[in-house]
Amino acid sequence: MAQLSRLVFLRINRNGSLFQPLKTCLNKTPLASVCNIQLFHSSAAPSNTFKVPKLSIWTTSVRFGELQTKNYIGFRCSANASDDGEFLHVTWKDGKVTRYPYVWLRDNCSCGHCYDSEINHKLLTYKTFNANAKLNYVNKNGCNEITLHGDDDHVTVLDFKWLREKASEMLKGTYDVEFPKVYVGSDAHSIVPVFQYDEVVDNPLKMYEWMKSIKIFGMGRMKGVPKKSNELMTFAQNIAHTRRTFFGDITIIKAKSDAFFVGYTPSELPLHTDYTFGKTVPGIVLLHSIQRPEVGGESWFADGFKAARDLRNSDEKAFQLLCKGVLEFQMHGENERGNVHLKNQRPTISLNESGEVEMVSYCDYARTETIKNILTDEVPAFYKALKKFASLVYSPENLMVLHLEEGEILASDNFRMLHGRAGFTLGKNGGRHVEHIFFDMEDFDSRMRCIANERRDKIMEL
């Protein structure tokens, strides 16, 4: 064990009482030593029984239907102040140690002087905060709680469960409605679960499951939806307010003679992410299929995160060029609401602070001639990188072709999934009728949190 010299070892009687801890140097114990989470994915899991891995900071392994949990977190744990008062050291029953900066614990105290639990607001502000606060000593209150005594006479009561959970947040940040992603390809129809409208619309737990599938697979399917105009808006109001755009609150997509963009024609609509030309991109797209064309019009989807991963693995230089190069997108035209000319610039692949892909922006029909942040000598290689990415999303193993049924809603993560459709023939029935709305990701996430807050016990069982 590499960290052996940094751990506090406890001698424990059979009755659980603790002897004097052996003093060692803890000041350099990494926060990452708190836990080691391993995820397992089995493509053999049937889609109708797929269970999402349940993540918790005290989970040592996760499999389909399996959860190993360390109970009684506070039992046989110890805590003490560092010699300089800068850190709280917690030694867990498995021998691992976590260092918590005291100034961070002081900042996150939830006592009545520091936090108003009725309105969920902090009362402690940086205006009055003492950034030089030191931890004098620690008392343990039974098995599960400790009391921190600061040099400013402030007392903070914490429980070990909270400390265990927050260690993960300190280390890498915890996005509480983020789940392990499962990349999908042409076999998505056999992996992505299908829900029934009547079960979802009036059942918050089913609603949560459907929303969760969008977070995991990048898309969520629902059948049995009434085939009537504006039913999508009725359903959307169960989730959150929709994102209004220049198309309106809801977009009615039918082929028409005065179309100002390709989506309103029967021509092929290439793979794209929506609203790349906007300053703020909607996070969730909902499509409601009301009428299918007699010939053609199949819907296309591709997992942009999977394509980005595959490109990174096969050609790191091309991947970095798509992260670096900035393209410009625009929407210029006129609809019944008047003229519009939207324009924005963004890279094809955006990374978060950890270097992970967090957004793909791809829309051939809205691209302008502008390329930024690429040297003249790099332009040929940049175009080759774009071509490689396009080849990946359109490849037979990645492109999923779905025949959306009349009365089906398909939702997709617009930061991740590209969508498009084949061209179709205008028939006697008038062709294709799809209705379309957006949600901002924060509103979608908010609804998931609200359901989880109200049904926490049931949510944990999903």
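Biologist: Which residue forms a salt bridge with R243?

Modeller: This is a predicted model. R243 lies in the loop between α5 (231-236) and β13 (251-253), and its partner sits in the loop between β27 (433-439) and α9 (441-454). The closest N and O atoms of the pair are 2.7 Å apart. The partner of R243 is D440.

Biologist: How many residues apart are R221 and E408?

Modeller: The side chains of R221 and E408 meet in a salt bridge, with 2.8 Å from N to O. R221 belongs to strand β12 (residues 219-223), while E408 belongs to strand β24 (residues 408-413). The pair thus links distant parts of the chain, and the separation is 187 residues.

Biologist: What is the relative accessibility of E408?

Modeller: Its salt-bridge partner is R221. R221 counts as buried at 8% relative accessibility. E408 also counts as buried, and its value is 0%.

Biologist: Which residue forms a salt bridge with E86?

Modeller: E86 is in the loop between β3 (78-81) and β4 (87-91). The partner is in the loop between β7 (121-122) and β8 (135-141), 48 residues apart from E86. The closest N and O atoms are 3.4 Å apart, and the partner is K134.

Biologist: Why does K134 count as partly exposed and not as buried?

Modeller: Buried means under 20% relative accessible area and exposed means over 50%, with partly exposed in between. E86, at 34% relative accessibility, counts as partly exposed. K134 is partly exposed as well, because its relative accessible area is 24%.

Biologist: How many salt bridges does the structure hold?

Modeller: Among them are the pair R243 and D440 and the pair E86 and K134. There is also a network of salt bridges that links K306, R309 and D310. For the structure, the count is 19.

Biologist: With which side chain does the side chain of H436 make a polar contact?

Modeller: H436 is placed in strand β27 and counts as buried at 8% relative accessibility. Leaving aside neighbours within four places in sequence, H436 is in contact with residues including L232, I250, T251 and V285. The polar contact of its side chain has a distance of 3.1 Å, and the partner is the side chain of D274.

Biologist: How many bridges join β8 to strand β9?

Modeller: The two strands run antiparallel, β9 covering residues 145-150. One of the bridges pairs Y137 with H149 in β9, and another pairs V138 with L148. The number of bridges joining β8 to β9 is 6.

Biologist: Which residue in the turn between β8 and β9 has a positive phi?

Modeller: β8 and β9 form a hairpin, with 3 residues between them. The phi angle in question is about 70°. The residue is G142.

Conventions. Residues numbered from 1 in each chain as written. Predicted model: local features only at pLDDT ≥ 70, side-chain atom pairs only at ≥ 80, totals over all residues. Heavy atoms only, no water. Salt bridge = Lys/Arg side-chain N within 4 Å of Asp/Glu carboxyl O. Helix = DSSP H or I, 4+ residues; strand = E, 2+ residues; numbered from the N terminus. Buried < 20%, exposed > 50% of the residue type's maximum accessible area, 1.4 Å probe, protein only. Pairing = 2+ DSSP bridges. Polar contact = N/O pair within 3.5 Å; in protein donor to acceptor, adjacent residues only side chain to side chain. Contact = heavy atoms within 4.5 Å.
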